[in-house]
Amino acid sequence: MLRKIKLYGELAKFVGHKEFEVKADTLSHAISFLVNNFDGIEKYMNPKYYQVKVGDYAIDETEIDHPIGQQDIHFVPVIQGAGGNTGKFLLGAALIAVGMGAFGAF
């Protein structure tokens, strides 16, 4: 099913786009799309943290391969050192590792 992947902040600037419409049934499919289509994104994302949301729901590492329904996927960079940050954050390296494992999924 087609759904929107939305990128925010510095990640959107790095990629050069804020939004894509792609076929993705899991978050790992969405990550695979980014890795396969944008040179250097692995190196860029690795040391950074992201809040990843499906619709309004923040995803944690145990839910990366779960079906995501019909909601949009949001990758929101987290500013490190900002006080008061609460919620679920995922390291870019972990996201990329999952995406690398999903390459055969398309």
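Aspartate 72 is partly exposed, with a relative accessible area of 23%, where buried means under 20% relative accessible area, exposed over 50% and partly exposed in between (1.4 Å probe, protein chains only). The model is predicted, and local features need pLDDT of at least 70, side-chain atom pairs count only at pLDDT 80 or more, and totals for chains, interfaces and linings use all residues. Residues are numbered from 1 along each chain as its sequence is written, and side-chain values use heavy atoms, with hydrogens and water left out.

Aspartate 72 is placed in the loop between β4 and β5, β4 covering residues 57–58 and β5 residues 73–77; helices (H or I, at least four residues) and strands (E, at least two) are DSSP runs, numbered from the N terminus. When neighbours within four places in sequence are left aside, aspartate 72 is in contact (heavy atoms within 4.5 Å) with Lys4, Lys6, Lys53, Val54 and Gly55.

Side chains of opposite charge can pair when their charged atoms come close. A search of the whole structure finds three salt bridges, a salt bridge being a side-chain nitrogen of Lys or Arg within 4 Å of a carboxyl oxygen of Asp or Glu. One of them is formed by aspartate 72 with lysine 6, for which the closest N and O atoms are 3.3 Å apart. Because aspartate 72 lies in the loop between β4 and β5 whereas lysine 6 lies in strand β1, this pair ties together parts that are 66 residues apart in sequence. The C-alpha atoms of aspartate 72 and lysine 6 are separated by 7.3 Å.

A second salt bridge joins the side chains of glutamate 19 and lysine 4, at 3.5 Å from N to O. This pair likewise links distant parts of the chain, with glutamate 19 in strand β2 (residues 19–23) and lysine 4 in strand β1 (residues 2–7), 15 residues apart. Both partners are partly exposed, glutamate 19 at 42% relative accessibility and lysine 4 with a relative accessible area of 32%.

The remaining salt bridge is that between glutamate 10 and lysine 13, with the closest N and O atoms 3.5 Å apart. These two residues are three residues apart in helix α1 (residues 9–15) and are therefore separated by about one helical turn. Glutamate 10, at 47% relative accessibility, counts as partly exposed, whereas lysine 13, at 64%, counts as exposed.
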